[in-house]
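Subject: Structure for your review

Dear colleague,

Please find below the structure that I am handing over to you.

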Amino acid sequence: MGSTVARVKSPDSSQLKNTAAGVLAAVAGEVPVLGAIVGTLQAGLSARQRERDEEFFAMVAASQRMTDERVRAIAAGEDDEFVASAHRIIREAQATADEGKRQLLASVLANSGSWSTVSLDEREELLPTVIQMTPVQVRLLDFLDDPRAWLARHDLDVEAQPYGISSRGAIIDKYFRIASLGQLADDEATPYQDLAAVAAELGRLGLATPNLNTMMTPSGALDSCTTPRGKRILAYIRG
């Protein structure tokens, strides 16, 4: 997403994979059902599951936030914050076949160590909400946080509006719907009603106050409408 992060040398992902695999094994040991599945179906399922787990760990390792120093600290067992979050996030990544959701979870895990810009208490409070969010919800929340910056990143200029009035719904329908959702699905003609439902859910979660149908000046339609909680969620995801 749109944050600017200084580029660092990508660490060797094998160390992080081994550490995450250890966390995964611990999760299996702590959850009897999962442990039984791992033991009983290892011959039939573990190869593919192992492959998917390694793909997920590679997503985490690819993050610019996973510096050599941080990976070494995790491997040495010196970052309890990362391990504590990894238990839950890895389980969620295993439970979904949605690659966009797995990418989202990998981004969250990469920002779940002691280096996070969000405090441990806040992360523990926000994680249940982050886990239930979809990639479309995160993208729309990112848009609503700063529509002007989002449009600039996508090289889009808002056309002058007749009569000097507009609405967030009109902006989302004309610009976000095509530019963003076309990157998430094959169908670029996703109905506006679907995005309106996504916006309503963001409102229900207390992350934004979209008011899509409220008529306002074109400038007002481009103002941020995320709540403080919504901004904290984005800070957690972006790192």
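From the N terminus on, the elements of the protein run α-α-α-α-α-α-α-α-α-α-α-α. Please note that this is a predicted model. Its secondary structure amounts to 12 helices and 0 strands.

The protein has 239 residues, of which 42% count as buried. Its accessible surface is about 12000 Å², and carbon and sulfur atoms hold 53% of that surface. Among the contacts with a separation of 6 or more, 76% are between residues 24 or more positions apart.

The largest nonpolar core contains 53 residues, and Phe 56, Leu 140 and Phe 143 have the most contacts inside it. Helix α6, which spans residues 99-110, gives the most to this core, with 6 residues. Phe 56 also deserves a separate look. When neighbours within four places in sequence are left aside, Phe 56 is in contact with Ile 89, Ile 90, Ala 93, Arg 102, Leu 105, Ala 106 and Leu 109.

Several of these names return in the packing of two helices. In general, such a pair is described by the angle between the axes and the distance between them. Helix α5 (residues 80-95) packs with α6 at an angle of about 175°, and their axes are 10 Å apart. An angle over 145 degrees counts as roughly antiparallel, and α5 and α6 are therefore roughly antiparallel to each other. On the side of α5, the contact is made by Phe 82, Ser 85, Ala 86, Ile 89, Glu 92 and Ala 93. On the side of α6, Arg 102, Leu 105, Val 108 and Leu 109 take part.

Arg 229 has its place in helix α12 (residues 228-238). Its relative accessible area is 18%, and because buried means under 20%, Arg 229 is buried. The side chain of Arg 229 is joined to that of Glu 125 by a polar contact of 2.7 Å. Apart from neighbours within four places in sequence, Arg 229 is in contact with Glu 125, Leu 126, Thr 129, Leu 205, Gly 206 and Leu 207.

Asp 173 is found in helix α10, which covers residues 168-179. With a relative accessibility of 28%, Asp 173 counts as partly exposed. A polar contact of 2.8 Å links the side chains of Asp 173 and Arg 177. Asp 173 and Gln 193 are 20 residues apart in sequence, and their C-alpha to C-alpha separation in space is 9.3 Å.

Finally, I would draw your attention to the backbone at two loop positions. Most residues other than glycine have a negative phi. Asp 155, although not a glycine, has a positive phi of about 55°. Asp 155 lies in the loop between α9 (147-153) and α10, and this residue is exposed, with a relative accessible area of 70%. Asn 211 is likewise not a glycine and has a positive phi of about 45°. Asn 211 belongs to the loop between α11 (192-204) and α12. The relative accessible area of Asn 211 is 47%, which means that this residue is partly exposed.

Yours sincerely

Note on methods:
Residues are numbered from 1 along each chain as its sequence is written. This is a predicted model: local features need pLDDT of at least 70, side-chain atom pairs count only at pLDDT 80 or more; totals for chains, interfaces and linings use all residues. Side-chain values use heavy atoms; hydrogens and water are left out. Helices (H or I, at least four residues) and strands (E, at least two) are DSSP runs, numbered from the N terminus. Buried means under 20% relative accessible area, exposed over 50%, partly exposed in between (1.4 Å probe, protein chains only). Contact means heavy atoms within 4.5 Å. Accessible areas come from the Shrake-Rupley method with a 1.4 Å probe; for residues, only the protein chains shown count as cover. A polar contact is a pair of N or O atoms within 3.5 Å; within protein, one must be able to donate a hydrogen and the other to accept it, and residues adjacent in sequence count only if both atoms are side-chain atoms. A nonpolar core is a set of buried Ala, Val, Leu, Ile, Met, Phe, Trp, Tyr and Cys residues joined through side-chain atoms within 4.5 Å. Axes are lines fitted to C-alpha atoms, for helices over the stretch in contact, and angles run from 0 to 180 degrees between N-to-C directions. Angles under 35 degrees count as roughly parallel, over 145 as roughly antiparallel, 65 to 115 as roughly perpendicular and the rest as oblique.
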